[in-house]
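Colleague: I am new to this structure and would like to learn how to read its features. Could we go through them together, beginning with the pockets?

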Amino acid sequence: MKKEYYIKNMVCDRCKQVVQQVAEAAQAKVDHLQLGNVVLEVNAAFDEQLFENELQKKGFELMQHPEVLLAEEIKLALIERINDNVEENLPSYLVKKLNRDYSLLSKTFKKVEGQTLEKFVIKLKIEKVKEFIQMNRLSFSEIAHRLGYKSIHHLSGQFKTTTGMTMSAYKNSQEWNRIGIDNIV
């Protein structure tokens, strides 16, 4: 028998590996695995409670409520938008990607996550900036352009407001206090 589970905070390839290991330990075979979702082939030996408990120990959570599921879909879409360097504006992108009214998406996200979509996107972008700085392959101007900022000054202001330091100070400090995307969500 197949069972589908939605898993909060499963946002990277490492997360997928952990979920697969937990499923196998609970006597399930992974039929399909993608970010935020797993389909398991289960039989009488499958221990659903063990599966859920082990996921929680690893920082994941089984999700049931449709609003929580939608918030996870939004987060995954936003991560994809930043990773794929999509230049389309946020509302248009989310409406196309999720086939839902932007007002509903925005309100649901705020209700579930306690922050606006825009603030969440800024957090994601700042962590991506830190990643680019650490890779040391792009100038600050190129980073700003890659992340859709109209100017480096706008990015610099957001970076300083969010982190408390300038991008140059961050680069020079080499204290890479990045938060992985899987920890932001």
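Modeller: Gladly, and please keep in mind throughout that this is a predicted model. A pocket can be read through the elements that line it, and in the largest pocket H6 gives the most to the lining, with four residues.

Colleague: Which helices each supply at least two residues of the lining of the largest pocket, and what is its volume?

Modeller: Helix H3 (66-83), helix H6 (117-135), helix H7 (140-146) and helix H8 (152-163) each supply at least two residues of that lining, and the volume of the largest pocket is about 490 Å³. The lining comprises 20 residues, and those nearest the centre are Arg 81, Lys 125, Leu 147, Gly 148 and Tyr 149. Sorted by class, this lining holds seven nonpolar, six polar and seven charged residues.

Colleague: What is the volume of the second largest pocket, and which helix gives the largest share of its lining?

Modeller: The second largest pocket has a volume of about 350 Å³, and among the 18 residues lining it, Gln 34, Leu 35, Glu 72, Glu 73 and Leu 76 are the closest to its centre. The largest share of this lining, eight residues, comes from H3, while H3 and helix H4 (90-98) each supply at least two residues. By class, the lining of the second largest pocket has nine nonpolar, four polar and five charged residues.

Colleague: How should I read the packing of two helices, and at what angle do H3 and H5 pack?

Modeller: One looks at the angle and the distance between the axes, and then at the residues that meet. H3 and helix H5 (residues 102-113) pack at an angle of about 105°, with their axes 9 Å apart; because angles of 65 to 115 degrees count as roughly perpendicular, H3 is roughly perpendicular to H5. Among the residues of H3 that meet H5 are Val 68, Leu 70 and Ile 74, and among their counterparts in H5 are Leu 104, Leu 105 and Phe 109. The residues of this contact divide into eight nonpolar, one polar and five charged.

Conventions
Residues are numbered from 1 along each chain as its sequence is written. This is a predicted model: local features need pLDDT of at least 70, side-chain atom pairs count only at pLDDT 80 or more; totals for chains, interfaces and linings use all residues. Side-chain values use heavy atoms; hydrogens and water are left out. On a 1 Å grid over the protein atoms alone, a cavity is a set of points where a 1.4 Å probe fits but cannot get out, and a pocket is an open set with protein on both sides within 12 Å along at least five of seven lines; lining residues have an atom within 4 Å of a point. Grid points are joined across faces, edges and corners, and a volume is the space filled by probe spheres set on the points. Ala, Val, Leu, Ile, Met, Phe, Trp, Tyr, Cys and Pro count as nonpolar, Asp, Glu, Lys and Arg as charged, and the others, Gly among them, as polar. Axes are lines fitted to C-alpha atoms, for helices over the stretch in contact, and angles run from 0 to 180 degrees between N-to-C directions. Angles under 35 degrees count as roughly parallel, over 145 as roughly antiparallel, 65 to 115 as roughly perpendicular and the rest as oblique. Contact means heavy atoms within 4.5 Å.
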